[in-house]
Amino acid sequence: MTTEALPVTAGAAEQEIGPPPRRKDRGKAVRSYLGLAIIVLWGLAPFYWMIVTAFRQVGFTFVTTPWFTHTTLDNFRTAFSTARGNHFGQALLNSVIIGVATTAIAMLIGVFAAYALARMQFRFKYLILGIILGASMFPGVALVSPLFSLFSNIGWLQGWNYQAMILPDISFALPLAIYTLTAFFGELPWDLEEAARIDGCTPGQAFRKVMLPLAAPGLFTTAILTFISAWNEFLLASQLSNSDPHHYTVPVTVAIASFSGAQPHQEPYTAVMAAGTIVTVPLIILVLVFQKAIVSGLTAGGVKG
Amino acid sequence: MAAATVAPAPEKTRKSLRAGEGRRGILLVAPTLVMLAVVILYPLVRAVIQSFQKDEGLNPATGMFVQGGYAGLSNYSHWLLQQCAVAGGGTQPCPEGTLGSQFWGAFGITVFWTVVSVGIEVILGLWFATIMNREFRGRGLVRAAILVPWAIPTAVTAKLWFFIYAYDGVLNHILGFAGIPPQLWTSDTWPARMGVVIADVWKTTPFMALLILAGLQLISKDVYEAAEVDGASRWQVFTQITLPLIKVPLMVAVLFRVLDVMRIFDLPYIMTGGANGTTSLSILVVKQIRQGFNSASALSTIVFIIIALTAFVFVKFLGADVIQRPPGYTKRKWFRRKPPEASQSVEATPEGAEAA
C-alpha cells in the first residue's frame with residue numbers, strides 16, 4: 001500500500017500535473033510513513049499491552065506473546081472485588097463526583113472571566129490574565145501542607161468530605177478552563193453580538209441567544225479538558241482523601257496506585273491493568289470522538305494566547 | 001447573519017455599546033479572582049505563616065519534645081543548609097537518611113529530570129511534529145494515537161510502566177534480544193531514574209508535538225518555497241526559518257513542561273515510592289507532612305519560589321510569551337490612566353457615556 005499511495009499523498013495537488021515523482025521524493029515519502037508508523041506505535045503499544053494484560057490469566061502474567069492469549073475476565077472481577085480491601089467501584093464513583101463538581105464550578109465561574117478577557121477592554125486586564133496564567137503554573141504541592149493542616153483542624157479529612165478535594169482541584173481547573181475558553185472566545189465572530197445589540201438585545205440576551213450556540217463547541221471541549229485534568233489528579237487526592245472504608249472518598253487514581261493483591265508484597269499486575277483499562281477507556285473514547293476539538297483546545301492557548 | 005453584513009453602525013452607537021465595559025469586565029472577572037484567592041492565595045499565605053512556626057511533637061533526631069512557637073528561619077535553614085536541631089539547643093548537619101539531609105539531593109534529581117526529560121521531549125516533539133506536518137492519509141488515526149498517552153491518567157501510566165519494567169516484564173524481554181542484561185528498572189538507582197524519564201517522555205511528548213505542530217501549521221508554505229529557490233540546505237531551513245518562526249509556541253510548550261517536571265510527583269511516587277534516589281522535591285514535601293507540616297510548609301514554600309523563579313526567567317528572558325498582548329501594547333500602559341486606543345473603548349468614557 002505504501003509505495004502506491006506515495007505520489008498522491010507526498011506531492012498533493014501540484015504534482016498531479018507535473019512530472020512523475022522523482023526517486024528522492026519517494027524516499028522521502030517512505031521515511032514519512034515510517035515516521036508515522038513510529039508515532040502510532042509510540043502512542044498505542046504500551047496502551048495495547050495494558051489491555052492484553054488486563055485479559056490475561058494471573059498465572060500467565062509475564063507471558064510476552066504480543067497478542068491476546070490465555071484470556072479471562074477474572075481480572076475485572078478481581079478489580080471490583082472488595083475482598084482484599086480494595087474499593088474500586090466506589091473509587092470510580094468518587095472520581096465522577098469530584099470530576100463533575102470541579103468541572104461544573106470551574107466552567108460556571110470561568111466562562112464569565114473568559115468572556116470578559118476575550119471580549120472587553122478594561123484596566124488591569126493583562127495583569128489579571130497574568131494572575132490566571134500564574135495560577136495555572138502554581139505547584140499543587142504548595143497547597144498540600146497548608147491544606148492538610150487546615151482540613152485536619154476542621155475535620156474534613158474524616159467523613160464524606162468530597163469538597164476537601166473539589167476545592168483544591170479548582171486551583172488548577174479554573175485557570176485551565178479560563179485559559180482555554182479565552183482562546184476559543186477570541187476566535188468567535190463577535191460582530192454578530194454587536195449586531196444583536198444594535199438590533200435591541202441586552203448584553204445578556206446577545207450573549208445567550210446569539211453567542212452561546214456558537215460558543216457551544218468551545219465550551220464543551222473546555223469542559224472535557226477540565227474534567228480530564230480533575231479525573232487524572234493524584235497528588236492532592238493522595239493526601240486529602242479519606243480511605244476509611246465506611247467513608248471512602250478516594251478517587252480512582254489513588255485507589256489504583258495503592259491496589260493491594262492477595263499477598264501483601266505481591267503486585268496484582270493483571271487486576272491493576274484491568275482497573276487501569278476501566279479508568280482509561282472512557283477517556284480514550286472521549287478523545288477519539290472529540291480529537292479534533294481537543295487538539296485545538298490543547299494548542300489554542302499555547303499558540304495564540 | 002443579515003445584521004452583520006449591513007454597513008457598520010455609526011460610531012456613536014458603537015461607543016455607547018461599549019459604555020461601562022471597564023466596570024462590567026471587572027465584575028465578570030471578580031468571581032474568578034475571589035475563587036483563586038480562596039483556593040490558592042489563602043493556602044499560600046497560610047503555608048508561609050506556618051513555615052515560621054516550630055513543629056510540635058517529638059523531634060525524631062533527638063527524641064525531645066519540641067514546643068511550638070515562633071521558629072524564625074530555622075525551618076528554612078533546616079532544608080537549605082540541611083541543619084537539624086540537636087538536644088539542648090543548637091543545630092548540626094542532618095544525619096544521613098533523615099528527610100532534612102535530602103533537600104539538595106531531591107533538588108538535584110528534580111533538575112536532572114527536568115533537563116533530560118524536557119530535552120528529549122523537545123527533540124522527539126520536533127521530529128513528530130515535522131512528520132505530522134506533511135500531508136498524508138490517515139491523519140485522524142495518527143492524531144488519535146498520539147492523544148492516547150496524553151489521555152491516560154499519570155497514575156495509570158505509572159502502574160503500566162511499573163508492569164513493563166518488572167524484572168520478568170516485557171522491557172527486559174525486549175532488551176534481551178539486543179543482548180542487554182535485565183535491569184532492575186524500579187529498584188536500582190540509575191535504571192529507576194531513567195525509568196521515570198522514559199515513562200514521562202512517553203506520556204508527554206504528544207503534548208509537546210501537538211503544540212509544536214500547531215506552531216508549524218502557522219508558517220506559510222511560501223517561506224519554504226523561497227528558501228528552496230535560494231538553495232538553502234535542509235539544516236539551514238530548519239535552524240534559520242522553522243526554529244525562529246516557532247520560537248514562541250515552542251518556548252511556551254517548554255515552559256509548561258519544565259514547570260510540570262519541576263513539580264513531578266505521581267510517576268516516581270507510584271513507581272518507586274521515592275526510594276533509591278528518586279525522591280523529587282514534591283515527594284519530599286509529602287513525606288515531610290506526616291512528620292510535621294510546619295516544616296513541610298517551609299519546604300513547599302521553597303518549591304513554590306523555585307518554580308515561580310523558573311517561570312519568571314522563561315517569560316522574561318527566554319521569550320515564552322504566554323500572554324501575547326495585541327501588537328503595540330506595552331507594559332507601561334497598565335499604569336497610564338487613559339490608554340490612547342481607549343478613547344473609543346475603555347476607561348475614558350464610562351461616566352460621560354452613561355450620563356448621555
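Select A:L236 to begin. A:L236 sits in helix α11 (residues 235-240) of chain A. Helices here are DSSP runs of H or I with at least four residues, strands are runs of E with at least two, and both are numbered from the N terminus.

A word on conventions. This is a predicted model, in which local features need pLDDT of at least 70 and side-chain atom pairs count only at pLDDT 80 or more, while totals for chains, interfaces and linings use all residues. Residues are numbered from 1 along each chain as its sequence is written, and chains are lettered from A and ligands numbered from 1 in the order in which they are written.

**Around A:L236**

Is A:L236 buried or exposed? A:L236 counts as buried, because it has 24 C-beta neighbours inside 10 Å. The cut-offs: buried takes 20 or more other C-beta atoms within 10 Å of the residue's own, exposed takes 12 or fewer, and partly exposed lies in between, with C-beta atoms placed from the backbone.

Leaving aside neighbours within four places in sequence, they are A:G140, A:L143, A:V144, A:M165, A:P168 and A:D169. Contact means that the C-beta atoms of two residues, placed from the backbone, lie within 7 Å. Draw a C-alpha to C-alpha distance from A:L236 to A:L143: it is 8.0 Å, across 93 residues of sequence.

**Chain A as a whole**

Select chain A. It has 14 helices and 0 strands. Of its 305 residues, 48% are buried. Take the contacts in chain A between residues at least 6 apart in sequence: 72% of them join residues at least 24 apart.

**Two loop residues with positive phi**

Select A:H70, in the loop between α3 (23-54) and α4 (74-80) of chain A. Its phi is positive, about 50 degrees, although A:H70 is not a glycine. A:H70 is partly exposed, because 13 other C-beta atoms lie within 10 Å.

Go on to A:F124. This residue is in the loop between α5 (88-119) and α6 (125-136) of chain A. A:F124 is not a glycine either, yet has a positive phi of about 65 degrees. With 14 other C-beta atoms within 10 Å, A:F124 is partly exposed.

**Chain B and its helix pairs**

Switch to chain B. Here there are 16 helices and 4 strands. Buried residues account for 42% of the 356 residues of chain B. Among contacts in chain B between residues at least 6 apart in sequence, 66% join residues at least 24 apart.

Select helix α14 (residues 281-289) and helix α15 (residues 293-317) of chain B. Their axes are 8 Å apart, and the packing angle is about 165 degrees. Axes are lines fitted to C-alpha atoms, for helices over the stretch in contact, and angles run from 0 to 180 degrees between N-to-C directions. So α14(B) and α15(B) are roughly antiparallel to each other. The scale: under 35 degrees is roughly parallel, over 145 roughly antiparallel, 65 to 115 roughly perpendicular, and the rest oblique.

Show the side chains in this contact. From α14(B) come B:L281, B:S282, B:L284, B:V285, B:Q288 and B:I289; from α15(B) come B:F293, B:S295, B:A296, B:L299, B:S300 and B:V303. The residues divide into 8 nonpolar, 4 polar and no charged. Nonpolar covers Ala, Val, Leu, Ile, Met, Phe, Trp, Tyr, Cys and Pro; charged covers Asp, Glu, Lys and Arg; the others, Gly among them, are polar.

Next, helix α6 (residues 139-151) and helix α9 (residues 189-216) of chain B. Their axes come within 7 Å and cross at roughly 125 degrees. That makes α6(B) oblique to α9(B). The contact uses B:I146, B:L147, B:P149 and B:W150 of α6(B), with B:W202, B:K203, B:P206, B:F207 and B:A209 of α9(B). It holds 8 nonpolar residues, no polar and 1 charged.

**Between the chains**

Show both chains. 91 residues of chain B are in contact with 91 residues of chain A. On the chain B side, helix α3 (residues 21-51) gives the most, with 18 residues. That side divides into 62 nonpolar, 16 polar and 13 charged residues.

**Last stop: the core**

Which residues have the most contacts inside the largest nonpolar core? They are A:I256 and B:I212, in a core of 172 residues. A nonpolar core is a set of buried Ala, Val, Leu, Ile, Met, Phe, Trp, Tyr and Cys residues joined through C-beta atoms within 7 Å. Helix α8 (residues 163-186) of chain A supplies the largest share of this core, 16 residues.
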